Structures are given as structure tokens and as C-alpha cells.
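Here's a quick briefing to read alongside the coordinates.

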Amino acid sequence: MKIILVRDRDEVLAERLLNVWERSVKATHLFLTIEAIQQIKMYVPQAIDAIEHLVVAVNEDNVPVAFMGMSIWDSRLIKEQI
């Protein structure tokens, strides 16, 4: 697994991150109904696109398995080699 700072975003990445989001929510937010998840899901691509600094963890096949966003770049939190 490696962690990367994403500079160029495309539709393939957006779809993969949406899938990561949905799997994560279904696994951890058991109080949400499927209908509620589907409603929230409509807004996720826009929210991901608005992330100023997008950091993605990818597996050996370069497929995203996790992500996070930050609005303020802090090099103390993320190593320079990203």
C-alpha cells in the first residue's frame, strides 16, 4: 500500500473514491438506511471535487482503498515524498 497526493483528478478516480466512500459508510454507519445513503451519495462527487488537498491510499494494484482531504497543506502531517 502507498499513500499519494492526487494532483490530477479524472472520472475514473472519482468513481473509485465514490465506491470507497459508499463501502465505508455502509460498514460504519449502520444507523443510515440504504435510501439515506443513496441520497447522500448524490452529493459526494461534488464534495470530493472540492477537496483542496486530496490524499489517497492505494493497494498493490493502484486501486484506492481510502482517502482523506485537507483544506490547509501541512507538511508536518504528510511527508514530502508524497
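With which side chain does the side chain of Glu 22 make a polar contact? The partner is the side chain of Gln 38, at 3.1 Å. Keep in mind that this is a predicted model.

**Glu 22 and its setting**
- Glu 22 sits in helix α1.
- Its relative accessible area is 11%, so Glu 22 counts as buried, the cut-off being under 20%.
- Leaving out residues up to four places away in sequence, Glu 22 touches Ile 37, Gln 38 and Lys 41.
- Two of those neighbours come up elsewhere in this briefing: Gln 38 through the polar contact, and Lys 41 through a salt bridge.

**The salt bridges**
- The count comes to two salt bridges.
- One pairs Lys 26 with Glu 22, and the closest N and O atoms are 3.2 Å apart.
- Lys 26 and Glu 22 are about one helical turn from each other, because they are four residues apart in helix α1 (residues 11–28).
- The two ends of that pair are placed like this: Lys 26 is partly exposed at 39% relative accessible area, whereas Glu 22 is buried at 11%.
- Glu 22 also bridges to Lys 41, with the closest N and O atoms 2.7 Å apart.
- That pair ties together distant parts of the chain, since Glu 22 belongs to helix α1 and Lys 41 to helix α2 (residues 34–41), 19 residues apart.

- In soluble globular proteins, nonpolar side chains tend to be buried together.
- Here, the largest nonpolar core has 13 residues, and the members touching the most others are Leu 17, Trp 21, Ile 48, Leu 54 and Val 56.
- At least two residues of this core come from each of α1, α3 (44–49) and β2 (53–58).
- Helix α1 gives the largest share, five residues.

**A closer look at Ile 48**
- Ile 48 is among the core members that touch the most others.
- Setting aside neighbours within four places in sequence, Ile 48 contacts Arg 9, Leu 17, Leu 18, Leu 54 and Phe 67.
- Leu 17 and Leu 54, both on that contact list, are also among the members of the core that touch the most others.

Methods:
Residues are numbered from 1 along each chain as its sequence is written. This is a predicted model: local features need pLDDT of at least 70, side-chain atom pairs count only at pLDDT 80 or more; totals for chains, interfaces and linings use all residues. Side-chain values use heavy atoms; hydrogens and water are left out. A salt bridge is a side-chain nitrogen of Lys or Arg within 4 Å of a carboxyl oxygen of Asp or Glu. Buried means under 20% relative accessible area, exposed over 50%, partly exposed in between (1.4 Å probe, protein chains only). A polar contact is a pair of N or O atoms within 3.5 Å; within protein, one must be able to donate a hydrogen and the other to accept it, and residues adjacent in sequence count only if both atoms are side-chain atoms. Contact means heavy atoms within 4.5 Å. A nonpolar core is a set of buried Ala, Val, Leu, Ile, Met, Phe, Trp, Tyr and Cys residues joined through side-chain atoms within 4.5 Å.
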